[in-house]
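Let's take a walk through a model together.

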Amino acid sequence: MASAAVVDAGDAPEPTVRNLLDQDSLKWVFVGGKGGVGKTTCSSILSVLLASVRQSVLVISTDPAHNLSDAFQQRFTKFPTLVRGFSNLYAMEIDPKVENDDLSGEGMEGFLSELTNAIPGVDEAMSFAEMLKLVQTMDYSVVVFDTAPTGHTLRLLQFPATLEKGLEKVMELKNRFGGLLDQATRLFGLGDDLNEDAMLGRLEGMKDVIEQVNKQFKDPDLTTFVCVCIPEFLSLYETERLVQELAKFEIDSHNIIINQVIFDEEAVESKLLKARIKMQQKYIDQFHMLYDDFNITKLPLLPEEVCGVQALQNFSRHFLTPYKPALKRGTVEELESRVSILKSALQEAEAELDRVRKGKQAA
Ligand SMILES: Nc1ncnc2c1ncn2[C@@H]1O[C@H](COP(=O)(O)OP(=O)(O)OP(=O)(O)O)[C@@H](O)[C@H]1O
Ligand SMILES: [Mg+2]
């Protein structure tokens, strides 16, 4: 169990995601964070990396604005599809709001809308639970979830509690108003000939699914949540909220990925870049202070997007080997490079000035 790996006193956990690859008991990996920070990129790369050490991997997008298709440059559907170039990596995109096929049928819809009235969000939770049940029968070694921006994810993770509350409410109504039972029986689509016991059986069955999923999500051997963020105030704030909520739901979390880090290697003298680097460093230090028991992985901001399997694979090395800037500030090499860049910039500016002056004289 990687989470129990012994860390020497004073040693920070390794700044990579290797712990996730080493923990071969892991079954559910959630990847979440604020909008646009790189959740889809990170979950795609994590699934690619996991595919190299596990027998079979499924990456699922639960964000209604799917973009796994963009990241892998391949169209995915609500059924697992083999990712091109792999023999054991599958991807699917589901919309938690759209009812699962298993849940269709008039009785079930009625039942769901009744429950939704009692407890908002329960329909979403139900189809998520059904999806999990289905995925479980598919027998992948590990499932990676590319989740929707934070608020939405937390609601989904809350679903066992949400569902239980919904069920309790229905039971309570049933107990209080005996006459309602007939109506409820119709809502559940059980038909006139079915009795109270059958209905209770169905509710109990659902509770079993909930409890099973709940147990798995709260087991750190099986489930972990990877927080993706960027080194800015709002993202730090949001991450703290996320980490606290996860702790409240007893969901394990010990990896933070700080994406879009600008490393101080640019020999160019850009005031803007320098200011951004300084600002980012302030928040990176705070991340390290707040989460000294987390594996914090820093990823460089690239000049281009991370699109397609090749780009994902190239970028994946930063998940396992801490990024090292090509040039280190203050070294002879860096100063030489800076001087030569400044010299050629000066030459260019002088030539430009010359041209402009000549043009002015001609006019
Ligand atoms: N380190 C990086 N350097 C450059 N581009 C990046 C980096 N990380 C992600 N990107 C690009 O930024 C865009 C947003 O990333 P991504 O889709 O992974 O974010 P997201 O958190 O899933 O967004 P959303 O909340 O919209 O789902 C993508 O075009 C991606 O290729
Ligand atoms: Mg995304």
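Start at Q260, which is partly exposed with a relative accessible area of 26% (buried means under 20% relative accessible area, exposed over 50%, and partly exposed in between, with a 1.4 Å probe and protein chains only). Q260 sits in strand 7, and its phi is near 60 degrees, a positive value in a residue other than glycine. E250 also has a phi near 60 degrees, again positive in a non-glycine residue; look for E250 in the loop between helix 10 (233-248) and strand 7 (255-261).

A word on the ground rules: this is a predicted model, where local features need pLDDT of at least 70 and side-chain atom pairs count only at pLDDT 80 or more, while totals for chains, interfaces and linings use all residues. Residues are numbered from 1 along each chain as its sequence is written, chains are lettered from A and ligands numbered from 1 in the order in which they are written, and side-chain values use heavy atoms, with hydrogens and water left out.

Now zoom out. The protein has 13 helices and eight strands (DSSP runs numbered from the N terminus, with helices being H or I of at least four residues and strands E of at least two). Of its 363 residues, 45% count as buried. Among contacts with a separation of 6 or more, 78% join residues 24 or more positions apart, a contact being heavy atoms within 4.5 Å.

F319 is buried, at a relative accessible area of 0%. Neighbours within four places aside, the contacts of F319 include V17, R18, I257, T297 and L299. T297, in strand 8 (residues 295-300), is buried too, with a relative accessible area of 1%. Beyond residues up to four places away, T297 touches P15, T16, V17, I256, I257, I258, H318 and F319.

Helix 2 (residues 39-51) and helix 12 (residues 309-320) pack at about 85 degrees with their axes 9 Å apart (axes are lines fitted to C-alpha atoms, for helices over the stretch in contact, and angles run from 0 to 180 degrees between N-to-C directions). That makes helix 2 roughly perpendicular to helix 12, a label for angles of 65 to 115 degrees. Helix 2 brings T41, C42, S44, I45, V48 and L49 to the contact, and helix 12 brings L312, Q313, F315, S316, F319 and L320. Sorted by type, these residues come to eight nonpolar, four polar and no charged.

What about C42 and disulfides? C42 is buried at 1% but is in no disulfide, since the nearest cysteine sulfur, that of C229, is 9.4 Å away. The count comes to zero disulfides, with a disulfide taken as a pair of cysteine sulfur atoms within 2.5 Å.

Ligand 2, the magnesium ion, is coordinated by T40 (OG1) and N67 (OD1) at 2.0 to 2.6 Å. T40 lies in helix 2 and N67 in the loop between strand 2 (57-61) and helix 3 (68-72), so the pair ties together parts that are 27 residues apart in sequence. T40 is buried at 14%, whereas N67 is partly exposed at 24%. Donors are N, O and S atoms within 2.8 Å of the metal (3.2 Å for Na, K and Ca), and water is not among the atoms, so sites may look incomplete.

Conventions: Angles under 35 degrees count as roughly parallel, over 145 as roughly antiparallel, 65 to 115 as roughly perpendicular and the rest as oblique. Ala, Val, Leu, Ile, Met, Phe, Trp, Tyr, Cys and Pro count as nonpolar, Asp, Glu, Lys and Arg as charged, and the others, Gly among them, as polar.
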